[in-house]
Each structure stands twice: as C-alpha cells, then as structure tokens.
Amino acid sequence: MGLLDDKVVLVNGGSQGVGAAVARAAVRAGAAVAVTGRRAEPGEALVAELTAAGGTAVFVRADLADAEQARDSVARTVAVYGRVDCLVNSAGLTDRGTLLDTTPELFDRHIAINLRAPFFAMQAAVADMTGRGAPGTVVNVITSSAHGGQPFLAPYVAAKAGLIGLTRNAAHAHRFDRVRINGLNIGWTATEGEDATQRAFHGAGDDWRDQAAARLPMGRLGQPDEIADFVVFLLSDRSGVVTGSVIDWDQNVLGALD
C-alpha cells in the first residue's frame, strides 16, 4: 500500500519545480492529485504524464496572486474529487529586492503569492476538512531564508517568515480537529524557477549549478524529488501526530558559525 492511498492531494503551484515533484511523488504513493498553475501548457503536460503512467490527476488553472482563485483551487478540487484530504502550498515568488530598493508593488506581489495565497488556500481546505469532520494534512513549502536570508531577498523573507508564523498558528488552532499543518524550510534547490532566477537576476551562465554545488557542504544542490518524498511523508499517517513543526531541510546548520 502507498503512503497516500485513497487520499486527494491538492498541490498549489504544482505545474513545475518542487510542486511538480510533489505531484509525481503523491501519485506514486497512491493519491489522486490536483495541481494548479498560472500557465496551462506545463500543467496540462504534467497531468498527461501522470495519467499516462496510470495515475489520477487534474490541472486547475489558477493565478494564486488572486485570493479568490487561491480559495477556488480548493472548491474546484472538491468539485472533481468530492473532498480535499491534503494540501501542499508550494507556489513561490523569488523576485529580488532589498530593503532600500523594494517598491510597494514588488512587496505586495511577494505577500500575495508567498503568504496570502497559502492563507486562503488553507482557509478553504481546512473548512472542507472540518466541515466533513475528517482529519487532514497541510504542508507549506517555505525557505531556509526565512531565518534571515540575503539582503536581496528582503520582501521574500518578510512574506515567508510570515508563513512560518501562520503555519504554527493554524496548526495550533486546528489540532483538536485532527488537521495537521507543518512547514518545510527548503535550502538551495535545483529547479526550473531557480535556473530562471539565477540567469535573470545574477547573470548566471550554464555552469551556475556546478559553481553553486562546489560551495555547498554536500557538493550538490537539493533535488526536488528528495523534497517531494519528505512532503509525502509529512502528508501521510506515517508522520504520526506531528503538527506545527517547521523543519529546516537544508545542508547548512542554521545558527551555527565556524
């Protein structure tokens, strides 16, 4: 039996990167999956891949910067499958900005995607779970940068640090509903989005991954499929009673100094 047999999993921001890896891992674990994204082409291609392999998956087009569409991603999943058992918030905006050059517009985009969207997706998903009197699980994909981060990540850090507080607050509020809510502070990860960010904001060339890996303790970047397996574990009953935990999934020991 798979860890997520007979579970319905909604992966917001699931059409590429870590989200797509979570969708693949969830299907392998036995779940029926809904994935959201702004662009139809990658989302529909992922669903075609999953269904061709024998899985059950649908694509829900949604711009999560719109709170109503974040909520509606849950309603549309319920319309297809009848319920939502598990929610993964993996969408993220990483556009650069420092304290001194971040505009109100950039700040608001970070809040909208990195904090407000998870809030209202959780609101709708937990309402479905509690309305049915059923247990459920939520995993918020956060970032190790939420502990402070680099100067050029000021609005990103502000929003993701807020998501840490939200994760713990919601977990506490719904622990007696048997809804478990946890977070994962992921470190530097090799994704399509990170590749685009490195090229757009840091002038990186084709060898940026190799250069980055050489500076890291384990000699490589984190991989989306590794994170996905951890997320599936947290979604599953095998993670037991754990709730309100925000786990540092990183190869640097945060807070330690040489």
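This is a predicted model: local features need pLDDT of at least 70, side-chain atom pairs count only at pLDDT 80 or more; totals for chains, interfaces and linings use all residues.
**Overall dimensions**

Along its principal axes, the C-alpha trace of the protein chain spans about 45 × 40 × 35 Å. The radius of gyration of the chain is 17 Å, which agrees with the value near 18 Å that a compact globule of 258 residues would have.

**Two helices side by side**

Let us turn to one pair of helices. Helix α3 covers residues 67-81 and helix α4 covers residues 104-131. They pack at an angle of about 30°, with their axes 8 Å apart. Angles under 35 degrees count as roughly parallel, and α3 and α4 are therefore roughly parallel to each other. The crossing of the two is right-handed.

Which residues make the contact? On the α3 side they are Ala67, Ala70, Arg71, Val74 and Val78. Helix α4 contributes Arg116, Ala117, Phe120, Ala121, Gln123, Ala124, Ala125 and Asp128. Sorted by class, the contact of α3 with α4 has nine nonpolar, one polar and three charged residues.

| Residue | Loop between | Relative accessibility |
|---|---|---|
| Ser15 | β1 (8-12) and α1 (17-28) | 16% |
| Leu153 | β5 (136-141) and α5 (154-173) | 5% |

Is Ser15 buried or exposed? With a relative accessibility of 16%, Ser15 counts as buried, because buried means under 20% relative accessible area. Leaving aside its neighbours within four places in sequence, Ser15 is in contact with Ala20, Thr36, Gly37, Pro42, Gly43 and Leu46.

Leu153 is buried too, with a relative accessible area of 5%. What does Leu153 touch, once neighbours within four places in sequence are left aside? Its contacts are Thr94, Arg96, Gly97 and Ser145.

There is also a distance to look up in the model: Leu153 and Arg38 are 115 residues apart along the chain, and their C-alpha atoms are separated by 23 Å.

Methods. Residues are numbered from 1 along each chain as its sequence is written. Side-chain values use heavy atoms; hydrogens and water are left out. Axes are lines fitted to C-alpha atoms, for helices over the stretch in contact, and angles run from 0 to 180 degrees between N-to-C directions. Helices (H or I, at least four residues) and strands (E, at least two) are DSSP runs, numbered from the N terminus. Angles under 35 degrees count as roughly parallel, over 145 as roughly antiparallel, 65 to 115 as roughly perpendicular and the rest as oblique. A crossing is left-handed if the near helix is turned anticlockwise from the far one by less than a right angle, and right-handed if clockwise. Contact means heavy atoms within 4.5 Å. Ala, Val, Leu, Ile, Met, Phe, Trp, Tyr, Cys and Pro count as nonpolar, Asp, Glu, Lys and Arg as charged, and the others, Gly among them, as polar. Buried means under 20% relative accessible area, exposed over 50%, partly exposed in between (1.4 Å probe, protein chains only). The radius of gyration is taken over C-alpha atoms; the globule rule is 2.2 Å times the number of residues to the power 0.38.
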